[in-house]
Structures are given as structure tokens and as C-alpha cells.
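Thanks for making time this morning.

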Amino acid sequence: QVQLQESGPGLVKPSQTLSLSCTVSGGSITTSYYTWSWIRQPPGKGLEWMGVIDYNGGTNYSPSLTSRTSISRDTSKNQFSLQLSSVTPEDTAVYYCARGRDDSYDYWGQGTQVTVSS
């Protein structure tokens, strides 16, 4: 059974960088052909895909966030991470990590609330 667990600070100040990690158990992040995504849901809004890192370490980002987003991985810890720079209150959301394959997601983390506020 694959499990994903997000971790990171729940409160970030405006203009700072939001950093989250997703620890994966029950499966390796280097296993072909899975992808590992970050997805968020602002209050009262729908899910927004932010970006992805694949089993080879290749990345792709949402065009609306690409200038502020970086996704990396630590294969020794079986983790992948999100950094979102220059945050504003509009970046307040529940942040999820998820495993994908063939254009669908089969496992999700429980989500972590991040609030951007001074």
C-alpha cells in the first residue's frame, strides 16, 4: 500500500518561500512510469495542479506558476519537495501530493493547510 505524507510549516509570511515535502512509503519514487505531483485547493475553489516530477527526475510546471515553482526530489529519503517563492495570501490553500500514472492519480496525501499571513 502506497502512502504519501505532506510535511512543512502551516504558516508562511508574505514574500517568503513556501517549502513542503512529501514522504512516500510503500513504493519508490524512481519506479517507472509513475509521476509525483503537487496539487492545491484554495478555500472555496477547485483543485489546481502546480507541477510534477517524474520517475526520471524530469519536471513540468503549471504555466501560471512556473516562475515561482520548483519541484525536486531526494531519492535516498524517497521524498519529493515543493518550493513556491514570493508567496501572497492568494497562495493560502490545502496542498496535496499525489502519485500519477496514465493521466490519473491513484494515491494522494491527506493534504496540509498552508496559510500565508503576516
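**Threonine 69 and its surroundings**

If we leave aside its neighbours within four places in sequence, threonine 69 is in contact with Tyr61, Leu82, Gln83 and Leu84, where contact means heavy atoms within 4.5 Å. Before I go on, please keep in mind that this is a predicted model, in which local features need pLDDT of at least 70 and side-chain atom pairs count only at pLDDT 80 or more, while totals for chains, interfaces and linings use all residues. Residues are numbered from 1 along each chain as its sequence is written, and side-chain values use heavy atoms, with hydrogens and water left out.

Threonine 69 belongs to strand S7, which covers residues 69-74; strands here are DSSP runs of E with at least two residues, helices are runs of H or I with at least four, and both are numbered from the N terminus. With a relative accessible area of 7%, threonine 69 is buried, and on this scale buried means under 20% relative accessible area, exposed over 50%, and partly exposed in between, using a 1.4 Å probe and protein chains only. A polar atom of the threonine 69 side chain also lies 2.8 Å from the backbone oxygen of leucine 65.

**The disulfide**

Which cysteines are joined by a disulfide? The link runs from cysteine 22 to cysteine 97, with an S to S distance of 2.1 Å, and the rule applied is a pair of cysteine sulfur atoms within 2.5 Å. The count by that rule comes to one disulfide. The link of cysteine 22 and cysteine 97 is right-handed, with 65° about the S-S bond. Because cysteine 22 lies in strand S3 (residues 18-25) and cysteine 97 in strand S9 (residues 93-101), the pair ties together parts that are 75 residues apart in sequence. Cysteine 22 is buried, at a relative accessible area of 0%, and cysteine 97 is likewise buried, at 0%.

**Salt bridges**

Turning to charged side chains, how many salt bridges does the count give? It comes to five salt bridges, each defined as a side-chain nitrogen of Lys or Arg within 4 Å of a carboxyl oxygen of Asp or Glu. One of them is formed by the side chains of arginine 40 and glutamate 48, at 2.7 Å from N to O; arginine 40 is buried at 5% relative accessibility, whereas glutamate 48 is partly exposed at 23%.

Another salt bridge brings together the side chains of aspartate 91 and arginine 68, at 2.9 Å from N to O. This pair links distant parts of the chain, 23 residues apart, with aspartate 91 in the loop between strand S8 (79-84) and S9, and arginine 68 in the loop between strand S6 (59-61) and S7. Aspartate 91 is buried, with a relative accessible area of 2%, while arginine 68 is partly exposed, with 21%.

A further salt bridge joins the side chains of aspartate 102 and arginine 101, at 3.8 Å from N to O. Here aspartate 102 is exposed, with a relative accessible area of 66%, and arginine 101 is partly exposed at 34%. As for the network, salt bridges that share partners join Arg40, Glu48, Arg68 and Asp91 into one.

**One more residue**

I will finish with tryptophan 108, which sits in strand S10 (residues 104-108) and is partly exposed, with a relative accessible area of 35%.

Key: A polar contact is a pair of N or O atoms within 3.5 Å; within protein, one must be able to donate a hydrogen and the other to accept it, and residues adjacent in sequence count only if both atoms are side-chain atoms.
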